[in-house]
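Have a look at it first.

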Amino acid sequence: MNYLLAILLPPLSIMLAGRPIVGILSFLFWVPAIILSGGLGHPAFVILAWVIIFERNRDRHA
């Protein structure tokens with residue numbers, strides 16, 4: 001479920017993955033990136049969110 005949220009709202013997904021400060025910082029960069037690039041910067045934030053979610057899941061199962 002968090003991976004789907006990462007596609008739609010990456011900063012919120014990052015916060016729910018247990019990294020609230022990174023989520024807030026990514027939100028501060030995400031909004032201007034969406035506005036200025038017309039959405040072209042969005043995939044970078046999705047990839048960041050997926051990496052953070054993957055690391056959290058890996059740490060949980062290890």
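This is a predicted model: local features need pLDDT of at least 70, side-chain atom pairs count only at pLDDT 80 or more; totals for chains, interfaces and linings use all residues.

## Surface

Numbering runs from 1 along each chain as its sequence is written, and side-chain values use heavy atoms, with hydrogens and water left out.

## Fold and shape

The chain has four helices and zero strands, where helices are DSSP runs of H or I with at least four residues, strands are E runs of at least two, and numbering goes from the N terminus. In sequence order that reads α-α-α-α. The radius of gyration is 11 Å, close to the 11 Å the globule rule gives for 62 residues, so the chain is as compact as a globular protein of that length. That radius is taken over C-alpha atoms, and the rule is 2.2 Å times the number of residues to the power 0.38.

The C-alpha trace spans about 40 × 20 × 15 Å along its principal axes.

## Core

Of the 62 residues, 27% are buried, meaning under 20% relative accessible area (1.4 Å probe, protein chains only). The largest nonpolar core has six residues: Ala 6, Ile 14, Ala 17, Ala 49, Ile 52 and Ile 53. Such a core joins buried Ala, Val, Leu, Ile, Met, Phe, Trp, Tyr and Cys residues through side-chain atoms within 4.5 Å. Helix H4 (residues 42-61) gives the most to this core, three residues.

Leaving out residues up to four places away in sequence, Ala 49 touches Ala 6, Pro 10, Ser 13 and Ile 14, a contact being heavy atoms within 4.5 Å.

How values were computed:
Buried means under 20% relative accessible area, exposed over 50%, partly exposed in between (1.4 Å probe, protein chains only).
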